[in-house]
Amino acid sequence: MFTSPTGFFNSIQEATAHVIDVLSDILHVNTIFIAANDGITNVIVDSFNREEVLVKEGDALPFELSYCSLVLNHPEDHFTISETSIHPHTCDLDVTKTIGNHSFTGIPIRMKNGQAYGTICILDAPSVHLTESELKALQAMAVFLGYVVELEKGKIDAEISSMSKLDLISSLSNKIRFSLTEIWGATDLMLTTELTEEQQQYMSIMESSSRSLMTLLSNILDYSNMESRLGLADYQTSIKTNEW
């Protein structure tokens, strides 16, 4: 049984484990699995098999050859097949020939913008149908996982955005630092030559200004690093304090 020590989920993997755990208690079916897809490959993220092992975590199929493709291409909020060995969409699929004849129900997992993450699916004995309340439980879990996926995507986007900003500042800082170092070095060399008192004053101002700019540049870079870490920490805190 999966339990989160803090009550929060740090990843989609932890959330799917929780969903599988809950559903295995309330649905007396043989197989429950959650699959993710990128439109090319369908991968089993987590699964539960009560008696007959039909699906295992890590199993992968080409998306178009999986039952999940039927779910995500179906216009309704769930897709059900009473007998996979005689249904026209599944009877000739390799997966049907491998696991045999079963009933199948799939619920799409989508984000707010409608983009699909994957599916929650049930496999059981032929002609077994889920009740209306069982379907509602599956749909509720699909909405929950869609929310988790949305949050994880936001977290990744925030990390990428933060790192991109930091990389840009670091790159600019290095270029400016290099130029300042050259000015600084040239100023030091000029101060070793014979200069008038007025020229020495000008060179001293240039040297002092270069040192000040170098210090300012270092402070900006330090601040950007700190802001990046705090921004990510705040985002992660907001995830845990919002609607979990």
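This is a predicted model: local features need pLDDT of at least 70, side-chain atom pairs count only at pLDDT 80 or more; totals for chains, interfaces and linings use all residues.

How many helices and strands make up the secondary structure of the chain? There are five helices and six strands, taken as DSSP runs (H or I of at least four residues for helices, E of at least two for strands) and numbered from the N terminus.

Residues are numbered from 1 along each chain as its sequence is written, and side-chain values use heavy atoms, leaving out hydrogens and water.

Now select the strands. They form an open sheet of six, in the order β3-β2-β1-β6-β5-β4, with antiparallel pairing (two strands pair if DSSP finds at least two bridges between them). β3 (60-62) and β4 (79-81) are at the edges with a single partner strand each, so one side of each has no neighbour in the sheet.

Next, pick residues 31-37 and 116-124: those are β1 and β6, paired antiparallel over six bridges. Zoom in on A35, whose bridge partner in β6 is T119.

Last stop: helix α5, residues 197-241, where you'll find L213. Because its relative accessibility is 43%, L213 counts as partly exposed (between buried, under 20%, and exposed, over 50%, with a 1.4 Å probe and protein chains only). Zoom out to the whole chain: 36% of its 244 residues count as buried.
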